[in-house]
Every structure is written in structure tokens, then in C-alpha cells.
Amino acid sequence: MKDATTAQPGPDIPTRLVVHALVREDGTVDAGRLYTVAGLLGMSDQQVRLCVRRLVAEGRYVQEGRGRKATLRAVADTTGSLAPDAAYVRHAYRQDAGLAPWDGTWHLYAFAVPESRRTARDALRETLLHLGAAPVQSGLYVTANRVTDLVEARADHLGVLDSLTFLTTTSLRIGTTTDPRELAAALWPLTDIAAGHERLAATAEACLARLADEPQPGAAERLSMAVRIAARFTEAMTPDPLLPPELLPQPWPGSRARRLAAACWEHLRDAPLPGEPSPLRLFTLYADALRPADDAGQTT
């Protein structure tokens with residue numbers, strides 16, 4: 001039967017993400033498996049060779065041997081290139097389980113950093129956006145999540161803490177809009193974010209269908225599924241501010257997509273990969289997301 005994971009339009013997977021995804025717990029990548037999995041994802045051997053050369057030149061890996069018989073040994077931690085932060089993922093699943101209800105408080109951050117500190121100002125802005133805050137107007141950002149400690153720590157590190165004002169309110173109004181859901185829809189691109197989750201859900205459904213099929217997929221095909229899910233998961237989660245469910249249209253596709261992705265990881269994790277000396281870091285990385293929601297730690 002045709003691989004169900006290839007029936008759906010695939011995410012634009014960087015070749016280096018495939019390399020990072022195949023790092024084993026001992027920090028190595030088997031080049032033969034890398035070429036096989038990359039081929040299943042539609043990548044040429046030339047793409048893989050060029051990518052490996054770049055990664056070695058950047059000092060991220062050391063290559064031992066040549067061609068498909070080579071072994072790559074990771075020098076730097078590659079997990080940040082593969083997936084969102086584990087604490088962020090845990091918070092998403094806690095929200096899905098109803099364990100992180102919104103208290104109705106908006107958190108606002110205002111700053112006026114002079115042009116002479118432009119680099120620090122831009123870094124602070126990027127931090128706020130990364131943490132899911134949305135711009136209200138120039139120098140003013142808002143989020144529904146409690147990220148003040150993270151913002152404060154970053155501002156202090158950048159040396160601009162004295163230029164940052166912290167506010168909280170339960171009665172935010174922009175123009176004449178006061179309804180929390182209407183505010184969220186106006187501040188964040190929820191349609192685009194939802195579309196990313198729909199793509200993740202479609203990929204996960206195809207993965208689950210293939211895993212339920214006979215004959216069962218081999219080791220290389222399971223790895224290609226894992227990389228596809230990781231790429232779609234990252235694509236969907238990176239722009240998602242993880243707004244509380246109280247602020248989102250219902251049903252929200254993010255919850256369903258994450259549930260399907262978790263089911264894929266369960267199946268893939270439970271199917272040992274022949275010849276692996278130890279589990280892939282990829283499965284270890286997502287283990288936190290598969291823990292029972294009530295054991296997943298504190299909210300963000």
C-alpha cells in the first residue's frame with residue numbers, strides 16, 4: 001500500500017532538521033539511515049551530502065567515515081532546532097486538559113528604549129513576540145498568559161529593565177471592543193494559527209492510518225513519519241501564543257491536532273527501532289508532552 005504519510009502535502013522540511021531528528025541518545029547519527037529517511041521524504045543524496053558538509057563546517061557535527069557508512073557525532077545540542085521548548089509544550093497540553101484556566105487578567109508591557117539601544121530594544125520586542133504577546137500600539141504589548149518573570153529576566157539581561165513598565169488589568173478595551181474573545185481575534189492571527197493546526201491534524205491522521213495498516217511500516221518509514229510529525233508540530237506551535245481556551249473559538253483545532261500528534265508519538269515511541277543502540281533523542285524530546293496532563297508541572 002502507498003505510504004499514507006506521503007498522500008498529504010508535506011511540510012517544508014529542512015534537510016538539517018532530518019539530521020537533528022535522527023540523533024540517537026549517544027549523540028550519533030547513522031548516515032545510512034539518514035540517507036534512507038531523507039529519500040523517503042523526497043530529498044536527494046546530493047541534498048544530504050551538502051547539508052552534512054555545512055553542519056560539519058559549522059562545528060555542529062564531526063563526521064567519522066564516508067558516505068552511507070559514515071557516523072555523525074553531534075558536537076552541539078540540536079534539540080532547539082527540532083521542536084518548541086518542552087515547558088511550552090507541557091503548558092499547551094495542560095490547557096487542552098482544562099488544567100490552566102484563565103483568571104481574566106491581561107498582562108501588558110510598555111517600553112520606550114532609545115534609538116541608541118536599538119539592538120536591545122529589538123531583542124526585547126522579539127522576546128515578547130516569542131512569548132506570545134501581541135502589539136497593541138507602538139511599544140505596548142499584551143498577553144493573557146503569566147510571562148512577567150520571563151520578560152523581566154530578559155529585560156534585565158539586556159540592560160533595559162528601567163525602560164519597561166508592567167501592567168495588569170481585567171478590563172482591557174481597544175477602541176470600543178471590550179469582549180475578551182473579540183479582543184483576541186483582533187490582536188492575534190487566529191485564522192492562520194488554526195490553519196497550521198489543521199495541517200498538523202491532517203498529517204497526524206495520515207500517520208495513524210498508516211500505523212494501523214498492514215504490513216506494518218518498517219524502521220525507516222517510522223522515522224520518516226516521526227520527522228514529518230515533528231516538522232508539522234513545530235510549524236503549528238511556533239506562531240501559537242497558546243491563548244487560554246476562554247479566548248478562542250470553539251472547538252479550537254489546536255487541541256484536536258495536539259491530541260492526534262500525541263497519539264502518533266505514543267505509537268512511534270512504543271515501536272522499537274531495530275538496530276538502535278539507544279532511543280532517538282526525538283522520542284525523548286517529546287516524552288514530556290505524552291505525560292499525563294495532571295503530572296505535567298506548572299503552567300507558564
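The second largest pocket of this predicted model has a volume of about 200 Å³. A pocket here is an open set of points on a 1 Å grid over the protein atoms alone, where a 1.4 Å probe fits, with protein on both sides within 12 Å along at least five of seven lines. Lining residues have an atom within 4 Å of a point. Grid points are joined across faces, edges and corners, and the volume is the space filled by probe spheres set on the points. Helices α2 (31-40) and α3 (45-57) each supply at least two lining residues, and α3 gives the largest share, with 4. Among the residues that line this pocket are Ala31, Leu34, Tyr35, Asp45, Arg49 and Arg68. By class, the lining divides into 6 nonpolar, 2 polar and 4 charged residues, where Asp, Glu, Lys and Arg count as charged, Ala, Val, Leu, Ile, Met, Phe, Trp, Tyr, Cys and Pro as nonpolar, and the others, Gly among them, as polar.

Turning to the sheet, 4 strands form an open, antiparallel arrangement in the order β5-β6-β4-β7. Strands (E, at least two residues) and helices (H or I, at least four) are DSSP runs numbered from the N terminus, and two strands pair if DSSP finds at least two bridges between them. At the edges stand β5 (134-137) and β7 (164-169), each pairing on one side only. On average, neighbouring strands are turned by 30° against each other, direction ignored. Strand β4 (residues 106-111) is joined to β7 by 6 bridges, and Leu108 stands opposite Leu167 in β7. Helix α6 (residues 148-158) packs on this sheet, touching β4 and β7, and its direction makes about 170° with that of β7. Helix α7 (residues 180-187) lies across β4, β5 and β6 and runs at about 95° to β5. Contact means heavy atoms within 4.5 Å; axes are lines fitted to C-alpha atoms, for helices over the stretch in contact, with angles from 0 to 180 degrees between N-to-C directions.

As for confidence, the chain averages a pLDDT (the predictor's confidence in each residue, from 0 to 100) of 85, and 83% of the residues score at least 70. The mean is highest in strand β6 (residues 140-143), at 98, and lowest in helix α11 (residues 281-287), at 67. Values stay under 50 over residues 1-10 and over residues 296-300. Where pLDDT is low, the predicted coordinates should not be read in detail.

Residues are numbered from 1 along each chain as its sequence is written, and side-chain values use heavy atoms, with hydrogens and water left out. In this predicted model, local features need pLDDT of at least 70 and side-chain atom pairs count only at pLDDT 80 or more, while totals for chains, interfaces and linings use all residues.
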